[in-house]
Amino acid sequence: EFSYEDFAQAGIDKFTYKWLKEEPCGDGLCDVMERIPAYEKSGYSKQIVWMDRPARRILRVDSYDLRGRLLKTAYSRNWKLYKERFWRAQDLLVVNHVTAKTTRLAWGPFTLGSGVNPADLDPAALAQN
């Protein structure tokens with residue numbers, strides 16, 4: 001139920017944002033925001049995002065189709081802190097409200113700072129292996 005767009009980097013310049021409210025979530029508070037894609041090829045008309053405080057982790061995203069109907073909800077769960085600085089979700093769940101299908105992606109643990117040489121990830125270098 002994931003799309004390529006769901007995995008694209010959500011840079012601040014790729015959306016316009018509007019703060020909607022704060023509400024309880026988990027053991028604390030979340031800021032609830034609307035974000036509208038600033039790029040015309042998006043498959044979504046808008047997304048509603050729940051971001052916790054103070055860690056600023058995105059816990060939930062409701063994505064709306066181009067007609068403005070709720071299409072799917074993504075939940076990020078089982079968060080772990082790495083190197084006392086980087087939060088990573090170990091579990092993602094997407095619920096498609098149109099098809100009633102779900103997809104779960106679970107991974108971890110992560111290894112950060114493993115010393116991978118960026119040149120090893122160059123497409124030409126990967127083609128040689």
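1. A disulfide is taken here as a pair of cysteine sulfur atoms within 2.5 Å, and in general terms such a link is a covalent bond between the sulfur atoms of two cysteines. The remarks below concern a predicted model, and they should be read with that in mind.

2. By that definition the structure holds one disulfide, formed by Cys25 and Cys30, whose sulfur atoms lie 2.0 Å apart. The torsion about the S-S bond of Cys25 and Cys30 is about 85°, and the disulfide is therefore right-handed.

3. For the protein chain as a whole, buried residues make up 26% of the 129 residues.

4. Turning to the secondary structure, the protein chain has two helices and seven strands, and its elements, read from the N terminus, follow the order α-β-β-β-β-β-β-β-α. An open sheet of seven strands is present, with the order E1-E2-E3-E4-E5-E6-E7 and antiparallel pairing. Its edge strands are strand E1, covering residues 15-25, and strand E7, covering residues 102-106, each of which pairs on one side only. On average, and with direction ignored, neighbouring strands of this sheet are turned by 20° against each other.

5. Within the sheet, the pairing of strand E2 with strand E3 can be described in some detail. Strand E2 spans residues 28-37 and strand E3 spans residues 46-52; the two run antiparallel and are joined by six bridges. As a particular case that can be located in the structure above, Glu34 has Ile48, in E3, as its bridge partner.

6. Some overall values for the protein chain complete the note. The C-alpha atoms fill a box of roughly 45 × 35 × 30 Å, taken along the principal axes. The chain exposes about 9000 Å², of which carbon and sulfur atoms supply 54%.

How values were computed: Residues numbered from 1 in each chain as written. Predicted model: local features only at pLDDT ≥ 70, side-chain atom pairs only at ≥ 80, totals over all residues. Heavy atoms only, no water. Pairing = 2+ DSSP bridges. Helix = DSSP H or I, 4+ residues; strand = E, 2+ residues; numbered from the N terminus. Axes fitted to C-alpha atoms, helices over the stretch in contact; angles between N-to-C directions. Buried < 20%, exposed > 50% of the residue type's maximum accessible area, 1.4 Å probe, protein only. Areas by Shrake-Rupley, 256 points an atom, 1.4 Å probe, with all protein chains shown as cover.
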